[in-house]
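User: I've got a chain open and would like to talk it through with you. Could you take my questions one at a time?

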Amino acid sequence: MSCVLFTEHATKDGQIIGEIRLNAEKSLNALTLEMIDLIQPKLDAWRDDSNVVAVLLDSAGDKAFCAGGDIVNLYKSMVANDSDFPEQFFTREYRLDYSLHTYPKPVICWGSGIVMGGGMGLMNGCSHRVVTETSHLAMPEVTIGLYPDVGGSWFLNRMPGGTGLFLGLTGNPINAADALYLGLADRAVKADMREGMLQRLQSEHWGDDAGGVVSRVLRELEDESRATFDEMVAPIRAHEALIREVTDHDSVEEMVEALQAIESDDKWVKRAQKAITHGSPLSLKLIHEQLRRCRHMSLREVFQNELVLSVQCCRHRELQEGVRALLIDKDGKPQWTFSVVDEVEDEFLSGLFESPWAAHPLADL
């Protein structure tokens with residue numbers, strides 16, 4: 001079976017809804033280069049096909065939409081000193097993400113289950129993002145010595161009250177209620193309504209307003225799902241004041257100190273404290289600087305900047321060590337390049353933002 005399945009669903013009025021289904025359930029649909037290279041040409045073909053009115057992006061299984069990128073093969077390439085694979089992987093992944101962000105037809109993402117890393121990149125590029133009661137979103141790159149890429153510089157900077165920076169620094173999870181609050185999702189629909197959603201979309205008369213058709217169907221489904229989400233707690237929204245307090249400092253060192261100084265039995269706070277204490281000090285500095293530099297960049301510039309950062313991160317030991325400790329040896333004891341945040345060298349940090357190319361691979365976005 002292919003790692004991506006493509007289906008063209010006929011509508012009542014003779015149009016087509018194209019479905020892209022990630023089909024790697026055992027790996028929680030982690031996004032591989034093979035998947036990317038299958039999806040991109042199909043998206044391009046459907047964009048130019050006048051019979052295709054909308055695209056549905058979903059996945060096999062109930063556990064995850066997409067739990068991240070192909071970190072294992074990235075690790076293998078770093079161990080082998082293969083600089084070509086990381087460059088090819090990130091270049092083509094970000095080109096796909098940008099294609100979704102700028103797609104001229106409605107793209108519905110069914111973001112049920114785990115949505116992390118590369119999955120967040122796919123989902124945030126879609127015009128109609130659906131979460132369910134099982135959705136578990138996160139950008140936990142600080143735990144492996146990386147930073148929130150795949151457009152994280154764009155969507156984290158657009159969250160209210162410092163929440164984007166806080167979530168980047170801690171990797172704290174996001175449920176459906178918080179996803180709506182943060183602008184990471186557009187609709188909350190019960191997980192068992194996916195097939196019903198597709199059937200309703202097929203029964204519609206599409207006309208000239210495909211986006212309006214999709215919005216109306218999802219609005220109706222959300223209304224029918226309301227009882228499921230009315231009582232759902234939104235932890236990030238509930239901790240809004242704490243997040244503002246922690247991030248209202250001029251340096252990462254002060255933010256880390258402020259978070260660590262909080263005395264609380266709150267599991268959500270303790271989780272954030274653990275992540276910021278055990279995560280990569282270099283990543284903490286990198287995330288802060290990334291969001292500062294990208295605040296006023298265009299979407300195109302964001303992906304170009306992230307490609308530089310990601311490729312540079314693969315040329316240094318931090319990411320390799322983080323992946324080793326968390327996913328390969330699983331000893332949970334990474335030996336970070338810098339032991340604490342205030343030891344991170346400014347010159348080393350600045351070097352990660354320097355482009356290694358005379359001609360940028362994403363110059364044509």
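This is a predicted model: local features need pLDDT of at least 70, side-chain atom pairs count only at pLDDT 80 or more; totals for chains, interfaces and linings use all residues.

User: Okay, what percentage of the 365 residues count as buried?

Analyst: The C-alpha trace spans about 65 × 50 × 40 Å along its principal axes. Of the 365 residues, the buried share is 56%.

User: How many helices and strands does the chain have?

Analyst: Helices here are DSSP runs of H or I with at least four residues, and strands are runs of E with at least two, numbered from the N terminus. UniProt, in an unreviewed entry, lists residues 18-353 as "domain: Enoyl-CoA hydratase/isomerase", and such annotations may be inferred rather than shown by experiment. Over residues 18-353 the chain is 54% helix and 10% strand. For the chain, the counts are 17 helices and nine strands.

User: Which helices do the buried residues of helix 6 pack against?

Analyst: Helix 6 covers residues 163-170, and eight of its eight residues are buried. Among them are Phe166, Leu167 and Leu169. Just after helix 6, Gly171 takes a positive phi of about 70°. The buried residues of helix 6 pack against helix 7, helix 10, helix 11, helix 12, helix 13 and helix 14.

User: Which residues is Cys109 in contact with, leaving aside neighbours within four places in sequence?

Analyst: Cys109 sits in strand 5, residues 107-111, and counts as buried at 0% relative accessibility. Contact means heavy atoms within 4.5 Å. With neighbours within four places in sequence left aside, the contacts of Cys109 are Leu57, Phe65, Met123, Cys126, His128, Arg129 and Val130.

User: And Val308, which residues does that one touch, not counting those up to four places away in sequence?

Analyst: Val308 lies in helix 15, residues 299-314. At 5% relative accessibility, Val308 counts as buried. Not counting residues up to four places away in sequence, Val308 touches Leu352, Phe353, Glu354, Ser355, Pro356, Trp357 and His360.

User: Is Asn81 buried or exposed?

Analyst: Asn81 is in the loop between helix 2 (71-79) and helix 3 (84-101). Its phi is positive, about 55°, although Asn81 is not a glycine. Most residues other than glycine have a negative phi. At 70% relative accessibility, Asn81 counts as exposed.

User: What about Val150, buried or exposed?

Analyst: Val150 is in the loop between strand 8 (136-138) and helix 5 (152-155). Val150 also has a positive phi, about 45°, without being a glycine. With a relative accessible area of 1%, Val150 is buried.

User: Last one: how far apart are the mean positions of the positive and negative charges?

Analyst: Lys and Arg count as positive and Asp and Glu as negative, while His and the chain ends are not counted. Each charge is placed at NZ of Lys, CZ of Arg, CG of Asp or CD of Glu. With 35 positive and 57 negative charges in the chain, the distance between their mean positions is 3 Å.

Methods
Residues are numbered from 1 along each chain as its sequence is written. Side-chain values use heavy atoms; hydrogens and water are left out. Buried means under 20% relative accessible area, exposed over 50%, partly exposed in between (1.4 Å probe, protein chains only).
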